Amino acid sequence: RPLISARDLTKIYRLGGEDLAALDHVSLDIADGDFVAIMGPSGSGKSTMMNMIGALDVPTSGELLIDGRDIGRLSVDELADLRNRTIGFVFQQFNLLPRTSALKQVMLPLLYANPRPENGEEMARRRLAQVGLENRISHTPRQLSGGQQQRVAIARAIVNNPKILLADEPTGALDSKTSEEIMQLFTDLNREGITVVIVTHEPEIALWAGRRITFRDGHIVDDVRQKPIPLPA
Ligand code: ADP
Ligand code: ADP
């Protein structure tokens, strides 16, 4: 069974009396363990698709199963629970708290976990070590480089052991060398079994994924498997 399965997924926005289909009968399966890059021009539906995969928004019609649950049939509380347990989010602008240490940022999602783990600090330290920041746990965002801030955000996104990591333009605010380091980190996490879905408009970033899906006007116009870089060791 695919981890993510969309059937005729449609999202209509009503703008001043006019209906606009941000997604128009999209069907798509993403397997457990996939590494997917979503591309497409501005306004093609990428953010809308990510918002639905992230259980932040629900379809107008059609079906979206995330880990076997039909998000159109869940209550607000069930959607929140699905997000907390199953999905980690990474953003272009990192979205870190300005005056909070790396360790506390990464512990934050554990406050909402149910049950709340006893060893939250240890879990956060382990994730910070995994992203290469074991020597930066007391630093606040302004004491960290952009790449280091994105690593904190990634550690925060994975501290709850999500099955799916969603990243919207995760390298959009980073230079190309730092971007490659972040993509290497996503590759490592993917090899450990997490399903990674990123949105990017940079073709060289999409090369890191094993599958590249292109949206246009709310439709999938291209869906290709590719040998990702770096080539497997
Ligand atoms: P992308 O991420 O590819 O730029 P979006 O999913 O953000 O595309 O948008 C797809 C279309 O839906 C665009 O025409 C956009 O203006 C419209 N849209 C997105 N979100 C909303 C919203 N909350 N209300 C109204 N229209 C929206
Ligand atoms: P992106 O940079 O990912 O393409 P957008 O600028 O398309 O982002 O959208 C940013 C946010 O604004 C998204 O959450 C989207 O749903 C919302 N949005 C996009 N277009 C509209 C719109 N026409 N009306 C209201 N909200 C919109």
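A pocket here is an open set of grid points, on a 1 Å grid over the protein atoms alone, with protein on both sides within 12 Å along at least five of seven lines. All the views below come from a predicted model.

**View 1. The largest pocket and what sits around its centre.** The space in here comes to about 460 Å³. Counting the lining gives 16 residues, with R83, N84, I87, F89 and P109 the closest to the centre. Look for α2 (76-86), β6 (87-90), α3 (102-111) and α5 (146-158): each of them puts at least two residues into this lining.

**View 2. F89 and F91, an aromatic pair.** The count of aromatic pairs comes to one. In that pair, F89 and F91 lie 6.4 Å apart centre to centre, with 10° between the planes. Planes under 30 degrees apart count as stacked, so this pair gets that label. F89 also turns up in View 1, among the residues closest to the centre of the largest pocket.

**View 3. F91 and its accessibility.** Is F91 buried, exposed or partly exposed? Its relative accessibility is 32%, so F91 counts as partly exposed: buried means under 20%, and exposed means over 50%.

Notes. Residues numbered from 1 in each chain as written. Chains lettered and ligands numbered in written order. Predicted model: local features only at pLDDT ≥ 70, side-chain atom pairs only at ≥ 80, totals over all residues. Heavy atoms only, no water. 1 Å grid on protein atoms, 1.4 Å probe; cavity = no way out; pocket = protein on both sides within 12 Å on 5 of 7 lines; lining within 4 Å. Points joined across faces, edges and corners; volume = space filled by probe spheres on them. Helix = DSSP H or I, 4+ residues; strand = E, 2+ residues; numbered from the N terminus. Phe/Tyr/Trp six-rings, centres within 6.5 Å; stacked < 30°, edge-to-face > 60°. Buried < 20%, exposed > 50% of the residue type's maximum accessible area, 1.4 Å probe, protein only.
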